Amino acid sequence: MAATPTPTLVLLPEWGAGHLMSMIESCKRILLGGGGAFSLTLLVMRPPTAEATSDVEAHVHREAASGLDIRFHRLPAVEPPTNSVGVEEFIARYIQLHAPHARDAVAGMSCPVAALVLDMFASPMVDVARELGVPSYVFMSSTGAMLALMLHLPVLHEAVTVEFDEVEGEVHVPGLPPIPPESMPCPVVDKKSPNYTWFVRLGDRFMDATGIIANTADELEPGPLAAIAEGRSVPGRPAPPVYPIGPVLSLGSRGSNKDSSEPPHECIAWLDTQPPASVVFLCFGSMGWFDAAQVVEITAALERCGHRFLWVLRGPPASESGAGAPDGSEHPTDANLDELLPEGFLQRTTGKGLVWPTWAPQKDILAHPAVGGFVTHGGWNSVLESLWHGLPMAPWPLYAEQHLNAFELVNDMGVAVPLKVDRKRDNFVEAADLERAVKSLMGAGEEGRKARVKAANMRDVCRKAVQKGGSSDAALQRLSEAFHQGAVLPEM
Ligand SMILES: COc1cc(-c2[o+]c3cc(O)cc([O-])c3cc2O[C@@H]2O[C@H](CO)[C@H](O)[C@H](O)[C@H]2O)cc(OC)c1O
Ligand SMILES: O=c1ccn([C@@H]2O[C@H](COP(=O)(O)OP(=O)(O)O)[C@@H](O)[C@H]2O)c(=O)[nH]1
């Protein structure tokens with residue numbers, strides 16, 4: 001008798017490293033926990049830029065060599081939309097153009113399909129899954145708070161007819177503290193923009209998924225997750241079950257997990273010479289960079305506050321002088337420190353500070369005992385990595401949903417000190433404000449002390465959650481069970 005083929009989980013990730021890697025790592029946990037009960041099939045879209053294409057190829061290569069049962073199905077290329085006006089709109093539309101190809105790929109599977117797991121930007125493809133009789137799951141690589149906001153957005157859209165910054169007072173989202181309009185995420189700040197329209201649609205389609213997989217933990221974001229579970233996001237319409245299985249730290253990023261026989265990275269070697277918890281680390285994600293005017297403010301703050309520092313400083317993307325990447329993934333260039341830094345800064349701070357002009361091994365740096373605090377753009381992966389090591393933050397939001405993340409870190413989770421960021425001036429920060437925040441983060445004062453205590457507590461919370469019997473491990477078991485029960489041969 002022929003053996004029943006192993007069911008597969010079909011993944012449709014967005015090409016960006018933060019989205020792709022956290023989805024793959026999360027599903028690998030199911031693969032590893034399931035003892036061979038599933039395989040993974042990655043539907044690979046051709047990314048819209050050459051840079052993203054080479055990143056994705058590197059990830060595919062690495063996963064193919066992992067020895068795990070991961071297959072790759074390349075979807076036929078589609079022409080990217082040429083008339084998009086916004087990044088989120090571009091990403092969602094470009095993904096949606098792959099719907100017929102994704103449908104054909106899933107319909108052609110010769111083994112049962114346990115689920116179609118969709119990137120948050122691909123939520124309208126729940127229709128493809130429905131058409132084929134396959135369960136669909138949305139993978140949320142951002143916060144539970146952003147998830148609560150997206151689920152509630154169609155309700156807000158009906159209830160609030162003016163721009164959010166014209167609202168008297170705050171914006172109310174079930175499960176979150178009242179949000180000041182200036183902390184609303186970028187894609188929803190301009191209702192006339194197609195980005196906004198797409199986010200309303202994406203959030204609405206989340207509600208039609210079989211389930212939502214979230215890279216967070218119950219204990220990290222109890223408010224938003226409870227509101228969703230209790231059906232408060234959309235009155236009268238229960239949300240799909242949410243499986244908070246995080247923190248899943250996306251491994252395999254450039255420069256990390258090096259062979260232990262190699263000499264340490266220069267940043268790590270420098271940290272090895274510094275006293276414990278003495279260094280403030282500044283790093284701004286895969287897309288953060290600063291111009292000369294902002295750099296002057298940062299250098300003044302660092303000199304005045306007197307703390308040791310490790311600063312990852314990147315320069316403007318090459319496209320600053322031309323057309324940008326349509327998906328918004330405009331990677332910064334390596335900084336020319338001679339041009340960007342004020343004269344004498346490096347000499348005056350020798351021994352006390354290191355400015356690193358290119359990609360840095362962030363995860364290894366955050367794990368180093370010499371690091372005491374993190375000035376971060378507040379991307380969710382960076383936040384999870386910081387909390388994993390119990391490090392308090394000063395969030396300096398720059399793009400995407402990071403203004404909401406900063407609000408949550410300071411006002412809800414209490415693991416960060418506030419930093420005054422002028423959103424109307426391209427997120428400009430004055431030297432005096434950065435100096436104050438770094439002093440608070442690293443030194444005396446009740447505000448910083450409280451953030452340090454809360455962040456240290458989160459280290460244990462995060463680790464417990466993913467251990468056997470922890471809340472995220474339990475969510476992973478429930479999810480695995482749901483996948484088992486849902487596995488079907490796609491209907492043609
Ligand atoms: C959540 O809302 C937004 C997310 C993004 C966004 O887009 C994006 C596009 C790419 O081609 C590559 C990327 O790496 C990428 C990343 C990205 O958001 C980041 O996602 C992280 C989670 O994986 C994390 O939440 C970070 O904070 C995000 O910066 C873009 C966007 O508007 C431009 C969004 O509104
Ligand atoms: O110099 C850098 C900058 C970023 N990162 C990693 O890139 C990811 C950034 O993801 P995040 O969600 O924080 O922000 P995004 O870059 O997607 O906006 C995290 O894993 C960081 O550790 C890194 O290793 N070195």
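Predicted model: local features only at pLDDT ≥ 70, side-chain atom pairs only at ≥ 80, totals over all residues.

Q: Ligand 1 to begin with. Which residues come nearest to ligand 1?
A: Glu 88, Pro 187, Asp 327, Glu 401 and Gln 402 come nearest, out of 25 residues around ligand 1.

Q: And what's the make-up of that shell by class?
A: The shell around ligand 1 has 12 nonpolar, nine polar and four charged residues.

Q: Which helices supply at least two residues of the shell around ligand 1?
A: Three helices each do that: H1 (17-33), H3 (87-96) and H14 (380-388).

Q: What about polar side-chain atoms by the oxygens of ligand 1?
A: Trp 15 has a side-chain N or O atom 3.1 Å from an oxygen atom of ligand 1. For Asn 381, a polar side-chain atom sits 3.3 Å from a ligand 1 oxygen, and for Glu 14 the distance from a side-chain N or O atom to an oxygen of ligand 1 is 3.4 Å.

Q: How much of ligand 1 does the protein bury?
A: The protein buries 92% of the 670 Å² that ligand 1 exposes when taken alone.

Q: OK, on to ligand 2. Which residues come nearest there?
A: Ser 286, Ala 360, Ser 382, Glu 385 and Tyr 399 come nearest, from the 15 residues around ligand 2.

Q: How far are the side chains of Ser 286, Ser 382 and Glu 385 from oxygen atoms of ligand 2?
A: Ser 286 has a side-chain N or O atom 2.4 Å from an oxygen atom of ligand 2. The corresponding distance for Ser 382 is 2.5 Å, and a polar side-chain atom of Glu 385 also lies 2.5 Å from an oxygen of ligand 2.

Q: And how much of ligand 2 is buried by the protein?
A: Taken alone, ligand 2 exposes 530 Å², and 91% of that is buried by the protein.

Q: Which element gives the most to the shell around ligand 2?
A: H14 does, with four residues. Helix H13 (362-366) and H14 are the elements that give two or more residues to that shell.

Q: Switching to helix packing. How do H6 and H7 cross?
A: The axes of H6 (residues 144-159) and H7 (residues 194-206) come within 8 Å and cross at roughly 110 degrees, which means H6 is roughly perpendicular to H7.

Q: Who's in that contact?
A: On the H6 side, the residues include Met 146, Leu 147, Met 150 and His 157, and among those they meet on H7 are Tyr 196, Phe 199, Val 200 and Phe 206. The contact has 11 nonpolar, two polar and one charged residues.

Q: Last topic, the backbone. Which peptide bond is cis?
A: The bond from Gly 246 to Pro 247 is cis, with omega near -5 degrees. Pro 247 is in the loop between strand E7 (242-244) and helix H9 (266-272).

Q: And what's up with phi at Ala 277?
A: Ala 277 has a positive phi, near 50 degrees, in a residue other than glycine. Most residues other than glycine have a negative phi.

Q: Where is Ala 277?
A: Ala 277 is in the loop between H9 and strand E8 (279-283).

Definitions and conventions. Residues numbered from 1 in each chain as written. Chains lettered and ligands numbered in written order. Heavy atoms only, no water. Axes fitted to C-alpha atoms, helices over the stretch in contact; angles between N-to-C directions. Parallel < 35°, antiparallel > 145°, perpendicular 65-115°, else oblique. Contact = heavy atoms within 4.5 Å. Nonpolar A, V, L, I, M, F, W, Y, C, P; charged D, E, K, R; others polar. Near = heavy atom within 4 Å. Polar contact = N/O pair within 3.5 Å; in protein donor to acceptor, adjacent residues only side chain to side chain. Areas by Shrake-Rupley, 256 points an atom, 1.4 Å probe, with all protein chains shown as cover.
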